[in-house]
Every structure is written in C-alpha cells, then in structure tokens.
Amino acid sequence: MSTRYPLFVRRDLDGFFGLFVDNLVQLLLIISLCTGLCGMSGEDARYLYQHILPGAAVSIVFGNLFYAWQAHRLAARTGRDDVTALPYGINTVSLLVFVFFVIKPVYDDTQSAEAAWQMGLLACLGSGLIEFSGSLVADTVRRNTPRAALLSTLAGIAIGFISMTFALEIFQYPLVAMLPLAVILITYFSRISLPWGLPGGLIAVTLGTLIAWVLPADISGVTVGLHETTQAWEARGWCPPQFAGAEIWKLLTADSHWLRYLSVIVPMGLFNVIGSLQNIESAEAAGDSYDTRSSLAVNGVGTMLAAGFGSCFPTTIYIGHPGWNGLGARAGYSTLNGVVIALMCLTGTVALVNSLIPMQAGIAIVLWIGIIITAQAFQSTPREHAPAVAVGLFPAIAAWGATVVLGALTLAGGSAQKALEANPAVAVNGFLLHGMFVMERGYIFTCMMLAAISVFLIEQRFYTAAIWSLFAAAFAYCGLTHAYQISGNALDYLFAATQPVAGALAFRANQIAVGYLLFAAVFFIIGVLQKPQETVE
C-alpha cells in the first residue's frame, strides 16, 4: 500500500537553509574570484551578471527539480514517505580549480575577460561531457582505479587551494570570520543540535554579517555599508539566460590553445563522476537507492546546460545526503533551493546579497568542505592504503607552494626564470624551485598515478603497478605532466610537439619519463620473482 509523499514538510526548511547557504557561498565565491582575479569588473562585469550567473541558474534549477522529482518517484515505487532527494549545486572543487588553473591563467595571458570567460565555458562543457559519458562507464572506472588514487588528489587540492586559502583569510580577518568558524566547528564536528534547530551554516553567516556591519571597517578590515548596498540595489534587473553555443564553437575552431587545459578538464570531469557516484552510494547506505545511470547522466546534462547558457562552473551531486536525511528533509528542500537560487541569479540580486553578506562571514563553511574532503581521503579508503593517500598529496602541495612562490616573486619584482637560469638548483628556504615546478605541472594526473602505483605496491600487485608506471611515463613524455616553460613568473605547459615561447626557460620531462620506465621495469622484475597471483582488469 502506497504512502502519500508530500511536496513539502516542515523539516524541508532546515534542509533548505543548509543547502541554500552552501550554494550561496559558491555564488559569492564566483563573484569575488571572477571580479578580483579574472577581470570581470566594470564594463566586463556583464560576463558575470548577464552570462555566468544566469547560466548557473539554468543548471541549478534543472538539477534540483530533477532530483526532487526522482525522490518522488522512489517514494511512489517503494511506498515510503521518508525519501530524501539528492543534494545538488555548484561544484566547489571544480569552481576553484577552473578559476585558478583555467580562467585566471587565460586572463593573465590575454588581459581579456571575454577570452577567460570563453575558455571557462569550454572547460565546463568538457567536464559535463565527461560526466555524462561517465554515467555509462562509471562502474568500470571505479573498479580499475583505486579509491585512494582518486581521493588523494582531491585531498591535495582541498589542503592547499581550499582549506589553506580560506584558513589564511579567516586569520586575516579574525573579528568577522572566527566566530562563524566556531559555530561551524561545533555544528559539524560536535554534531549537536543548535537552539531552535537552526542550521549551523545560517547562524554562522548571520553572526559574521552582524559583526561586519557593527564594527568599523578600520577595525574589522571588512568593508560593508549602505553605499555598497545601495549601488547593488540599483544594479538589480532581469537577466535572462543567453545561449553561448556560438562562443564555444568560435573558441574550438579558432586554434588549439584550449588543448593545454585538458590536463585540468579531463581529471576534474572524471573526479566529478567518481565523486557523484560515491554520493549516490552514500545515499543508498542511508536507505535511498537511486538509479546510478540516470543520476549521473542528469548530473552531466546539468553541467552542459550551465556551459551552454554562459556559466563556467560545473554542477554536481553534493556530499551530505545522510545529513539532510537525518534532519528530516525530503524533496521540498531541493525544489525550494533550486527556485530561490535561480531567482537570485536571474534578477541580479546576487550582488545585493554579496553587498549585505561579506565573504568572510561564510568562508568557514568552505574551509569545512576542504577539511572533510581531506579527511574522507583517509576515512573512505582501506586503512592499509593510507600511505598511498599520503603519497598522492605531495604533487598538489607542491602546486600550492609554487603558486605562493610565483605570486610572492611577482609582488616583489623578482623573476623565477632568472633565478633558475642563474642556478638550476636554486632553493627557497630549502625547497628546490625547479622541483616544485616539475611536480606542479599536471599535478592532478601525477597525484592520481603516484597514489595508484602505491596502492598496487601495498597489495603486491606488481604487474599492475608497472602498467600505471608506463602511463606515468607516457604522460611525462607528452608533456601532460612535469614538463614546463617559464617566462618571468609565467609558468606554462610544454607539450612534446610544441616549441617553447621565445626567450622562455624550457624543461622537457624526458628524464622523468625514463625514471617512470625504470619504475615499470623494477616492478615487473619483482613481479616475476615474486610470481604473485594477480590479474589485471
């Protein structure tokens, strides 16, 4: 006998506040990073408010409504009234990676916000295509790639480019950001109910915002005020989605410059597939068994819709279904979140919210996301694979270090190129500069391959470790990993079939490729000597 499944229950409001705050933080991040780092300010702010945010609205409302509908279907099929929809929104990791490794580099090279936006569209479309295709082969990918290899890469990104970045900002603006941090730590670490059952994220953002408005800017370091709010209010207006297919096609057919970003697009698309697959499994463990193929396919379609209508940022099935389920949220929280976020993006009121809520009030939530991603890399893998997770962190940490060093040199008027030309073994406080750059290039691939090799060595599957080493050698030889060229402080890829820019210092990773071949030879020989009973799938 079927049970009536309501469109909305009271506890959906709790789920909505939590998911809304998560999505709002992503929108504020987009505004802050695209404005401050990617040239989308002044007249070029139109790319942000007339294209990116409306495109995000299309993808967010599409995905949230689908997963709410999916929950209703599951409830009708099972006769239950306690089904919780899969949470959905903008992918935090992809957002940060695409900004720092696709959109910003293009803007730095061209000083064109339009070029940066177009490359972001292409990256988003590529990620969506991989996510959609991944719905057909996700189980095979998961079966042949150790979980430690996938999660350690995300953990490395989380440590450097999420957690560390926002931890520094919290301690830069302690009066505004530290009280929200305390609330977030209590909410998600202690897991206790706050007064009146209010979501911790809502309380944290509210407290931080109140402090920012009460304290003078010269004390808090954070500027909010009626002037900024008035300007944002006057800037509101209806911004309908605009199809961006022509811009994407123009970039694809103009030149092959976009190929250099495949080392970011491909692994991020793959990680989005695996991450979403794991979240579906998490929902099943909580009692809600959703169809894997349709869930992942719609995830990819949502990202492609985002790109097609002007957004550079993929959407994804969020982590946290068991949490929303424990709150008592059902399908209504997903519907409400999609509608409210879409209205904000389409009416140009995200800027108004941004003027009212300082970024520092919400970054504790993003810090927590980075912490959880890092923790899960160890918690969600077999205990004996923990060393492999640790190995996979090093390239991402080196990438973060290289970013900091190059930024500091640029501010100080120095040149990494000149330093390396004078002394290839130059070190910064004991850390080799060349070694940092070598590990930084294509580090998303390197993290995965080193961790995978380590897993198979732990399991004494030497032939499989040798095969992964051959892949690593091929990537290094082709220039997808380790090879680089640097002009001043501008670090770039150096692919095997290309010549370096005139005047640049170039490094081809042929010696590292040979090193990986030696890896493969040693592992193969040990495999022969040990004669393990292993099969390579």
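This is a predicted model: local features need pLDDT of at least 70, side-chain atom pairs count only at pLDDT 80 or more; totals for chains, interfaces and linings use all residues.
Salt bridges come first. A search of the whole structure turns up six of them. One sits within helix 3 (residues 92-110), where Lys104 and Asp108 are four residues apart, about one turn of the helix. Their closest N and O atoms are 2.8 Å apart. Both partners are partly exposed, Asp108 with a relative accessible area of 38% and Lys104 with 23%. Asp44 and Arg46 also pair up through their side chains, at 3.4 Å from N to O. Here too the setting is partly exposed, with relative accessible areas of 27% for Asp44 and 33% for Arg46.

Glu440 and Arg441 make another salt bridge, with the closest N and O atoms at 2.5 Å; these two residues are both buried. Arg80, Asp82 and Asp288, in turn, are tied together in a network of salt bridges.

Phe524 belongs to helix 22 (residues 510-530) and is partly exposed, at 47% relative accessible area.

The Ser220 side chain reaches the backbone nitrogen of Val222 at 3.2 Å. Setting aside neighbours within four places in sequence, Ser220 is in contact with Tyr173, Leu175, Val176 and Leu215.

Technical notes:
Residues are numbered from 1 along each chain as its sequence is written. Side-chain values use heavy atoms; hydrogens and water are left out. A polar contact is a pair of N or O atoms within 3.5 Å; within protein, one must be able to donate a hydrogen and the other to accept it, and residues adjacent in sequence count only if both atoms are side-chain atoms. Contact means heavy atoms within 4.5 Å. Helices (H or I, at least four residues) and strands (E, at least two) are DSSP runs, numbered from the N terminus. Buried means under 20% relative accessible area, exposed over 50%, partly exposed in between (1.4 Å probe, protein chains only). A salt bridge is a side-chain nitrogen of Lys or Arg within 4 Å of a carboxyl oxygen of Asp or Glu.
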